[in-house]
Amino acid sequence: MRLNSFALAALIVTLIFGGIAFSTAMNWWQTETTKEVAVFTEGEFAGLPNPADIRGSYTFGDVVNNFEVSLSDLAIAFRLPADVDAASFKVKDLESLYEDLPVEVGTASVRMFVAFYLGLPYDLSASEDTYLFPEAAAILQARGNMLPEQAAFLESHIVPETAEETVESALESPATSVTPTPAPTEHVAPERTITGKTTFQELLNWGVTQETIESLLGGAMPAPATSIKDYAVSKGLEFSSLKTKLQEAVDQVK
């Protein structure tokens, strides 16, 4: 049997939209990407969502949907401006919001906050350069869910007072260049450890080749004096993820 062009077009439209309708009815059709974190696969926390899997592309709303965390607590803990919609705020944007801090407050900070908030395991050995604001610490201490080692770790990983003054001044006067004054209690990272102030020149000095750096960046290396954190922010990348990749390259240098 031969179909004329009108009948053929009608058949195609019916197949397309009929398929969508059937897929929707069967819950197969999704127009949005669902963001679900990985879960712990073993031990007493098996089956629970793992905070370490929170991505920079997640919004605070996504975090709340995956974990039993209050949206208002997240907004307070990370000092979101009053005019910002907390639910749609992307986790990775913390890194640009607080880029003037001498310590890191970003995606890794959200992961750590959520883990401490719920009393879930978290790798502290990879968090030496991760900090939380005093407001976050107050919320965590009030909830009382932290494991003993987490509570001890938090005490030395609260943003120093002088650092807070620096970023507040920068936010109030964007055009003013402010040089951070190290606080007496500021954490000093071990040698050959990447922090928010580490430059690409330091990577080269530590023996990481430019070729290796560019392969991890997926493009040309910027000026050697550029800090890795500044580069990540300018490219819209998640600093913590980039830092992890580059740190692995540093650790492989004999």
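Tutor: Gladly! Let's start with a pair: Glu238 forms a salt bridge with Arg111, and their closest N and O atoms are 2.8 Å apart. This is a predicted model, where local features need pLDDT of at least 70, side-chain atom pairs count only at pLDDT 80 or more, and totals for chains, interfaces and linings use all residues. Residues are numbered from 1 along each chain as its sequence is written, and side-chain values use heavy atoms, with hydrogens and water left out.

Student: Why is the contact of Glu238 with Arg111 called a salt bridge?

Tutor: The term asks for a side-chain nitrogen of Lys or Arg within 4 Å of a carboxyl oxygen of Asp or Glu. Arg111 and Glu238 come to 2.8 Å, so the pair qualifies. The pair links distant parts of the chain, with Glu238 in the loop between helix 11 (228–235) and helix 12, and Arg111 in helix 5, 127 residues apart. Helices here are DSSP runs (H or I, at least four residues), numbered from the N terminus.

Student: How many salt bridges does the structure hold?

Tutor: There are 4. Another one joins Lys243 and Glu104, with the closest N and O atoms 2.9 Å apart. Lys243 sits in helix 12 and Glu104 in the loop between helix 4 (94–97) and helix 5, 139 residues apart.

Student: How do you know whether Lys243 counts as buried or exposed?

Tutor: Buried means under 20% relative accessible area, exposed over 50%, and partly exposed in between (1.4 Å probe, protein chains only). Lys243 has 10% relative accessibility, so it counts as buried.

Student: What about Asp53 and Arg55, which meet in a salt bridge?

Tutor: Their side chains come to 2.9 Å, N to O. Asp53 has 15% relative accessibility and therefore counts as buried, whereas Arg55, with a relative accessible area of 42%, is partly exposed.

Student: What makes a group of residues a nonpolar core?

Tutor: A nonpolar core is a set of buried Ala, Val, Leu, Ile, Met, Phe, Trp, Tyr and Cys residues joined through side-chain atoms within 4.5 Å. The largest one here has 41 residues, and Phe78 and Val110 are among those with the most contacts inside it. Helix 5 gives the most to this core, with 8 residues.

Student: Which residues does Phe78 contact?

Tutor: Contact means heavy atoms within 4.5 Å. Leaving aside neighbours within four places in sequence, Phe78 is in contact with residues including Phe60, Tyr98, Val110 and Phe113.

Terms used:
Helix = DSSP H or I, 4+ residues; strand = E, 2+ residues; numbered from the N terminus.
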